[in-house]
Every structure is written in structure tokens, then in C-alpha cells.
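Good morning. Please keep the picture in view while I talk.

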Amino acid sequence: MNEFTIGDVRVHRVEEMLGPAAPAKDFFREYSEEEFKRHEHWLAPNFYDPGSGKLVTSVHSWLVRTGRHLVLIDCCSGNHKPRPGMARYDMLNTAYLDRLKASGATPEDIDYVMCTHLHVDHVGWNTRLASGRWVPTFPNAKYIFSRQEHDFWCDMAKEEATQQALKNVYNDSVLPVVETGRAVLFEDTYGLDDCLTVLPAPGHTPGHVRIDLKSQDQSAVFCGDVLHSPLQIVLPHWNSVFCSNPGQAAQTRRDVLSHCAETDALLMPIHFGIPYVAHIRSVTSGFEMDFTRTHR
Ligand SMILES: [Zn+2]
């Protein structure tokens with residue numbers, strides 16, 4: 001299922017990739033085989049591939065129709081982008097834009113692009129290659145970035161010691177947006193159309209944000225990489241090895257899960273396998289995914 005309705009707002013999932021990616025034992029900073037084994041039965045096959053030992057991971061965008069604007073949340077990895085040392089994202093050639101079109105939108109239709117953070121798999125389609133230059137893929141969109149997040153990666157890209165792929169991510173997928181005047185850098189929070197609110201959700205990266213959606217009496221949270229796997233719903237203290245501040249990331253994860261459990265907001269991450277989203281409920285041990293309300 002790639003289409004969701006939150007109140008009056010329709011949301012489409014636009015897929016770039018779906019399949020086994022990183023080995024679970026390499027992906028989680030706090031990995032313990034004993035603890036992982038306890039959850040394997042409900043993680044397989046949608047979120048974990050026992051044959052390869054890899055987590056099954058999606059990379060997708062959320063296309064949000066607010067009624068007034070078309071908003072694209074997170075921009076996957078992009079095509080033709082050199083990412084030395086990052087095989088999963090290097091020189092891709094996917095049918096992402098065709099899938100966007102199948103969801104009813106052309107690049108020209110997008111009014112706003114929002115990035116939860118500026119990692120390789122969230123900014124790629126910000127730009128595309130045109131006559132040898134990187135240009136904004138969505139020529140009429142404003143791109144909404146956290147200033148803190150932007151400045152962190154902008155500074156990182158200028159450091160000589162920074163890994164080449166990370167320099168490339170900023171220089172080919174963020175800088176061209178800034179240089180063409182399409183970027184809006186906000187401090188702390190940003191609101192759009194009375195239904196979308198961008199809030200700080202730091203830890204995975206310094207300026208990571210979440211985007212809360214509220215329409216009628218329903219709500220959702222586009223949480224970016226606050227969670228990578230449904231396993232982190234039951235083990236919120238497990239961080240990815242890519243979380244820059246693990247303690248802060250775990251606190252943000254608990255805050256988002258509490259919010260979803262208390263308000264019945266639908267959790268809409270970027271990397272969960274089918275069914276891609278999760279209803280969260282509180283249990284004595286913490287939190288769990290409510291499968292009775294989410295078809296697998
Ligand atoms: Zn990611």
C-alpha cells in the first residue's frame with residue numbers, strides 16, 4: 001500500500017529502493033545477537049532477511065497533498081551521483097521520477113521540498129544532472145532546510161579531511177539549491193498550510209527535524225531517520241552507527257514514540273519495509289508496533 005489518508009490530506013509513498021541492505025549486526029551501534037534473536041520472528045520477512053542477515057530497508061519520499069500545495073518530504077539518493085565508498089548510493093539509475101509521475105506529480109508541480117536532514121539518502125533528488133551541471137529537480141519549489149543542519153554540512157564539505165562522498169552530497173545535492181536561491185533556511189521551526197509543522201528532532205544529525213501533519217482529528221509524524229527499523233520501536237535505545245549523538249538520538253526517538261502513542265499519530269518513516277508506516281502503542285515494557293491496525 002503506497003497511499004495513505006490523514007484527515008483531508010492524501011500522502012503517497014514514492015519508492016526509490018526496497019530490499020535487503022545493511023547487515024543488522026553492522027547497522028546497530030548497540031547490537032546484541034541474543035536480543036536481536038528475540039525479535040527476529042516478527043521482523044522477518046518484511047523488515048529482516050534471515051538468509052542474508054540483512055535488514056530489509058526502503059528508501060522513499062512522501063508526497064503530501066495539503067489541499068493548497070504539493071510537498072515532497074525527503075528526496076532519496078538521486079541518479080548519476082558519484083558516491084565513492086557508498087556502494088548502495090553510487091551512480092544510481094532508478095525510475096524514481098517515473099514513480100513520482102505515477103503518483104500524479106511532475107517535478108514542475110512540486111511547491112515545497114522538505115528534508116528531515118541532509119544525509120545522502122534524503123537529498124539526492126534535490127538536484128538532477130542537466131548538460132553536465134547539477135540543477136534543482138523541482139524548478140518551482142522552495143526547499144525548506146534547517147539552518148543548523150545546513151550549516152553543519154556546509155562546513156563539513158569545506159574540510160579537507162572530509163570523506164569525498166560526503167563532500168559530494170553537499171556540493172551536488174544541496175549547494176546548487178542554495179546558489180539558485182531556492183533554499184529557505186529556517187531557525188527551530190517552520191509551519192506550512194496550517195497542517196504541517198517542522199520541529200527539531202536532533203541526534204541522528206545535529207539539525208535533524210521531524211514534520212508533524214495534522215488534519216481534521218487525525219495526525220502523522222514524518223520522522224525521517226529518528227527510526228530506521230521497527231525494531232527501534234521496542235528497543236528505542238538502539239541507535240544506528242550513523243547517529244551522530246546516540247544519547248540525544250535515543251531521547252528524540254522516545255519523544256516521538258511517546259507522541260505517537262499518546263496522540264494516535266501515524267509514524268511515517270523513510271526506511272521501514274512493508275507496510276512502511278506504524279501505529280504505536282504503549283505497553284508495560286515501553287512501546288510496540290500495533291500490527292492489528294497496519295496491514296502487512
Ligand atoms: Zn536515511
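Predicted model: local features only at pLDDT ≥ 70, side-chain atom pairs only at ≥ 80, totals over all residues.

Start with helix α2, residues 33–43, where the buried residues are E35, F36, H39, E40, W42 and L43. These residues lie on the same side of α2, because they cover an arc of only 160° around the axis. The general rule behind this is that an α-helix has 3.6 residues a turn, so residues three or four places apart point the same way. On the other side of α2 you find E33, E34, R38 and H41, which are exposed.

What do the buried residues of α2 pack against? Their partners are α1 (24–27), β3 (48–49), β4 (54–65) and α8 (231–234).

The side chain of W42 makes a polar contact of 3.1 Å with the side chain of H39. W42 and L231 are 189 residues apart along the chain, yet 9.3 Å separates their C-alpha atoms.

Next, the metal. Which residues coordinate the zinc ion? They are D121 (OD), H122 (NE2), D225 (OD) and H271 (NE2), at 2.1 to 2.3 Å. The angles among the four donor atoms run from 83 to 157°, and the site is irregular. Along the chain, the donors follow the spacing D-H-x102-D-x45-H. D225 sits in the loop between β14 (218–224) and α8, and H271 in the loop between β15 (266–269) and β16 (280–283), so this pair ties together parts that are 46 residues apart in sequence. Are these two buried or exposed? D225 is buried, at 2% relative accessibility, and H271 is buried, also at 2%.

That brings us to strand β14. Strand β13, residues 209–215, runs antiparallel to β14, and five bridges join them. In that pairing, I211 stands opposite F222 of β14. The hairpin of β13 and β14 has two residues between the strands, and Q216 takes a positive phi near 55° there.

How many bridges join β14 to β15? There are four, and these two strands run parallel. One place to look is A220, whose bridge partner in β15 is L266.

That is the last item on my list.

Technical notes
Residues numbered from 1 in each chain as written. Heavy atoms only, no water. Buried < 20%, exposed > 50% of the residue type's maximum accessible area, 1.4 Å probe, protein only. Arc of directions from axis to C-beta. Contact = heavy atoms within 4.5 Å. Polar contact = N/O pair within 3.5 Å; in protein donor to acceptor, adjacent residues only side chain to side chain. Donors = N, O, S within 2.8 Å, 3.2 Å for Na, K, Ca; no water. Tetrahedral: all angles 85-135°; square planar, octahedral: opposite > 155°, others 65-115°. Pairing = 2+ DSSP bridges.
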